[in-house]
Amino acid sequence: MTRSLPLLLAALATPWAAVAEAPLVALSINYACAGGAVLEVAYLNPAGSASLAVVGWGGRLVPMQEGPAASGARYVAVDAASGLVWHSKGNEGALFHEAAGGDDSTLLSDCVAVGR
């Protein structure tokens with residue numbers, strides 16, 4: 001998955017680069033999570049628009065868009081049916097599954113950025 005997220009970032013950035021007045025900020029971060037899990041998240045921050053993220057989870061890439069958060073950044077899967085939510089604050093984050101009816105579950109917790 002390490003190679004796929006940077007390639008996806010490049011593909012996502014290309015159409016935005018033509019319309020953005022300021023440069024895009026794009027980066028890929030690995031997070032070490034509780035239980036030894038590693039999560040790779042790629043961020044794309046176009047000038048003047050909501051941020052996007054792509055999370056490598058369950059053997060697939062999950063595109064997400066920034067949504068409201070009390071603090072930090074909260075990204076919700078574009079495919080709302082998946083229920084995946086990535087919440088980060090500073091160098092830390094957690095991956096959740098938000099189910100209809102309020103049966104939320106934590107998939108990955110205590111995630112800390114590696115190599116930042």
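This is a predicted model: local features need pLDDT of at least 70, side-chain atom pairs count only at pLDDT 80 or more; totals for chains, interfaces and linings use all residues.

A: Gladly. C111 has a relative accessibility of 1%; buried means under 20%, so C111 counts as buried.

Q: What makes the link between C33 and C111 a disulfide?

A: The sulfur atoms of C33 and C111 are 2.1 Å apart. The cut-off is a pair of cysteine sulfur atoms within 2.5 Å, so C33 and C111 qualify as a disulfide. By this rule the count comes to one disulfide.

Q: Why is the disulfide of C33 and C111 called right-handed?

A: Look at the torsion about the S-S bond: for C33 and C111 the value is about 110°, so the disulfide is right-handed.

Q: Where in the chain do C33 and C111 sit?

A: C33 lies in the loop between strand 1 and strand 2, whereas C111 belongs to strand 8. They are 78 residues apart, and the pair links distant parts of the chain.

Q: Is C33 buried or exposed?

A: C33 has 7% relative accessibility. The limit for buried is under 20%, so C33 counts as buried.

Q: How many aromatic pairs are there?

A: The count comes to two aromatic pairs. One of them is formed by Y43 and Y75, and this pair is tilted.

Q: Why is the pair of Y43 and Y75 called tilted?

A: The ring centres of Y43 and Y75 are 5.7 Å apart, and rings pair if their centres lie within 6.5 Å. The planes of Y43 and Y75 make an angle of 55°. Planes under 30 degrees apart count as stacked and over 60 as edge-to-face, so at 55° the pair is tilted. Y43 is in strand 2 (residues 38-45) and Y75 in strand 5 (residues 73-77), 32 residues apart.

Q: How do you know whether Y43 and Y75 are buried or exposed?

A: Y43 has 7% relative accessibility and Y75 has a relative accessible area of 4%. Buried means under 20%, so Y43 and Y75 are buried.

Q: Which residues touch the most other members of the largest nonpolar core?

A: They are Y31, L39, V41, Y43, M64 and W86, in a core of 19 residues. Among the elements that give two or more residues to this core are strand 1 (25-32), strand 4 (60-67) and strand 8 (105-113).

Q: What is the pattern along the sequence?

A: The chain reads α-β-β-β-β-β-β-β-β, with one helix and eight strands. Of the 116 residues of the chain, 30% count as buried.

Methods. Residues are numbered from 1 along each chain as its sequence is written. Side-chain values use heavy atoms; hydrogens and water are left out. Rings of Phe, Tyr and Trp (its six-membered ring) pair if their centres lie within 6.5 Å; planes under 30 degrees apart count as stacked, over 60 as edge-to-face and the rest as tilted. Helices (H or I, at least four residues) and strands (E, at least two) are DSSP runs, numbered from the N terminus. Buried means under 20% relative accessible area, exposed over 50%, partly exposed in between (1.4 Å probe, protein chains only). A nonpolar core is a set of buried Ala, Val, Leu, Ile, Met, Phe, Trp, Tyr and Cys residues joined through side-chain atoms within 4.5 Å.
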